[in-house]
Amino acid sequence: MTSLGDRILGLGLLVLAVAYGWAAQQWPEPFGGAETVGPETFPTMLAVVLVAGSLYLMIKPDPDAQWPVGKSAFELVISLVVLVVYTLLLEPLGFVIATTLAVGTLSWRMGAAPRLAFLTGLLSAVVVFVLFNYGLSLSLPAGLLEVL
Amino acid sequence: METLGFLMDGFAVALTPYNLMFALFGAFVGTLIGCLPGLGPANGVAILIPLAFTLGLPPETAMILLTAVYAGAMYGGRISSILLNIPGDEPAMMTCLDGYPMAQKGRAADALAVSAIASFAGGLIGTIGLIMLAPVLAKFALTFGPAEYFALFLLAFATLGGITGKNPMKTVVAATLGIMISTVGIDISTGTQRYTFGVLELYEGIDFILAIVGLFAISELLFFVESRMGRGRDKMNVGKLTLTMKELVMTIPTQLRGGVLGFISGVLPGAGASLGSFISYTLEKQVVGKKGKFGEGDIRGVVAPEAGNNGASSGALVPMLTLGVPGSGTTAVLLAMLISLNITPGPLMFTQNADIVWGVIAALLIGNVLLLVLNIPLVGFFVKLLSVPPMYLLPIVTMVAFVGIYSISHSTFDLYFMVAFGVAGYFLRKLDIPLVPIILGLLLGPEMEKNLGHALVLSDGDWSVLWASPLAMGLWIVASLGLILPYLIGPLLRRRMNAAMKESPVSD
């Protein structure tokens, strides 16, 4: 059992805390002169607490969790890419097409048969689109389907 | 008597057909959320917030919807506990102990029915407790000054991990991270830009709704992808209802005890629903003694924890409604809804937004009745849904989360942010950093800073004002106990809970 995870996290948080605290000291004095509680007081307190917390994590780390390797990690990266690409294509392609692709790919990668997966995607996309655009009159982007 | 009048007004709000419809919808969706493994109550309520928001629901309707979902999730958690020996949510863990053996003996239908009744009894007792306690506490809370509030917020963070929490330091780190995120944006009192890096979207701060949805929903998807449990489970057979009136009458004392104990542990900071159901179960075992067959499918072993966790879920609303300080993940998410509806939670809410508070409370009562009515005949339907494989369900849930966030602002910038929060949530959960304190930090951070500022302005910069009054001092002491106690008695309690799980012959 190693405890590298907590140590790395602790280190990262320490850097964050110092940067956060340092940035707070750089702000110009607010208009009207300094008071006891300025914009930097609270962030400075937080930075101190986080420094203490991160040091504790590095000194007394918990044992590591099981991190995904190989195929699991690969699947995770794929899911993430799908989510980002979905966001990217949502407006240009339109809701229905983008959602069919995204939901379909996700459930296919989670183990569904491809045809069934994309069918689920298409069905849920159409239902949600109709529900939102006509039922609730909240417009989702129609994208390529706009011409129809 | 005054309370009764308010409650009647509350019923008038909750019983309008429009609100009743949303309560019914919420109760239904809540049960679904509760019974699907991996979609906990906090998660479910979080996904529904943007929807409630974009639907443009009036505040009381939005709150009624979410409270009904909350109550429903507590009902739903038991279904998979009983049928699959897998708790749908954490508080339903104790229900596995006797519920699953009952199901194995072919009495699944009985276990489901009796646990629905127990949930109802627990929820009812808890709500009655809430009605009696909340106004008193709200009146008391009016005496709180800024220093007391500051201490109270600290108390909330310190006890959030719960007495059974693993590493209190991680709770502290999580809470600090949450508060830090909440400081991004333009400082309200001075107008200084903090951590905006000149990005226009950050000037108004980070919307906690997208943080919550990202942290919960997206990280949940990633966890499922990793564990690859996409396949779902085999169909279950519920069987016929053979519950007799005599058995039901026999469990009444158990229901009362469980409900009361659950309510108390729901109100207390740091206890929560999981401990509520645990205490009710252990106490029941001791009261009944050798006569019971606990762990082998004793009906009281199903009743006690279910009454306990539903009592606790109503109890947890007490600090949230009266002090604006939630004690659990789901109530924290409910608080997020309140804040985004521009309602300042806390004692003033009882006078300024009486219709909302009492509408919600009345909706809890109505919701419990609806849930009982829904749960007994429809249990077969919920069981069927339980066998819908997550590989179809989770992508759809994720898509709904995307739609919800997108429809708030119509900007894809928010969606990227949400995904980023999801990834962060995944890593933090992997590292055992709890997410709920982050959410609570996000929500309470601005209030905390405001109160700190007020306290120091009033005292002319004297920091000792923060612990000057006896009340504030007391809160500080309880807060430090909240951090120290888990080290002292936490391992003991955890061992007992584990031991209780192992004693049962079926746990594998």
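Author: Let's settle one term before we start: two residues count as in contact if their C-beta atoms, placed from the backbone, lie within 7 Å. Keep in mind, too, that this is a predicted model. With that cut-off, residues 24 or more positions apart account for 81% of the contacts in chain B that have a separation of 6 or more.

Chain B is the place to begin. It has 21 helices and two strands. Its radius of gyration is 22 Å, close to the 23 Å that the globule rule gives for 508 residues, so chain B is as compact as a globular protein of that length. Its C-alpha trace spans about 70 × 50 × 50 Å along the principal axes, and 62% of the 508 residues are buried.

Now the core itself. The largest nonpolar core has 209 residues, and the ones that touch the most other members are B:L66, B:I212 and B:V213. Helix 5 of chain B (residues 93-141) supplies the largest share of this core, 25 residues.

Skip its neighbours within four places in sequence, and B:V213 is in contact with B:A46, B:I47 and B:P50, along with B:A401, B:G404, B:I405 and B:M418.

That brings us to where the two chains meet. The contact takes 44 residues from chain B and 49 residues from chain A. On the chain B side, the elements giving two or more residues are helix 7 (168-182), helix 8 (208-227), helix 17 (390-409), helix 18 (412-430) and helix 19 (436-458). Helix 17 of chain B gives the largest share of that side, seven residues. Sorted by class, the side of chain B that touches chain A has 24 nonpolar, twelve polar and eight charged residues.

As for chain A, its domain 1 and domain 2 have C-alpha centres that lie 40 Å apart. In chain A, confidence is highest in helix 4 (residues 95-109), at a mean of 90, and lowest in helix 5 (residues 114-135), at 86.

Notes
Residues are numbered from 1 along each chain as its sequence is written. Chains are lettered from A and ligands numbered from 1 in the order in which they are written. This is a predicted model: local features need pLDDT of at least 70, side-chain atom pairs count only at pLDDT 80 or more; totals for chains, interfaces and linings use all residues. Helices (H or I, at least four residues) and strands (E, at least two) are DSSP runs, numbered from the N terminus. The radius of gyration is taken over C-alpha atoms; the globule rule is 2.2 Å times the number of residues to the power 0.38. A residue is buried if 20 or more other C-beta atoms lie within 10 Å of its own, exposed if 12 or fewer, and partly exposed in between; C-beta atoms are placed from the backbone. A nonpolar core is a set of buried Ala, Val, Leu, Ile, Met, Phe, Trp, Tyr and Cys residues joined through C-beta atoms within 7 Å. pLDDT is the predictor's confidence in each residue, from 0 to 100. Ala, Val, Leu, Ile, Met, Phe, Trp, Tyr, Cys and Pro count as nonpolar, Asp, Glu, Lys and Arg as charged, and the others, Gly among them, as polar. Domain bounds come from an automatic or database domain assignment.
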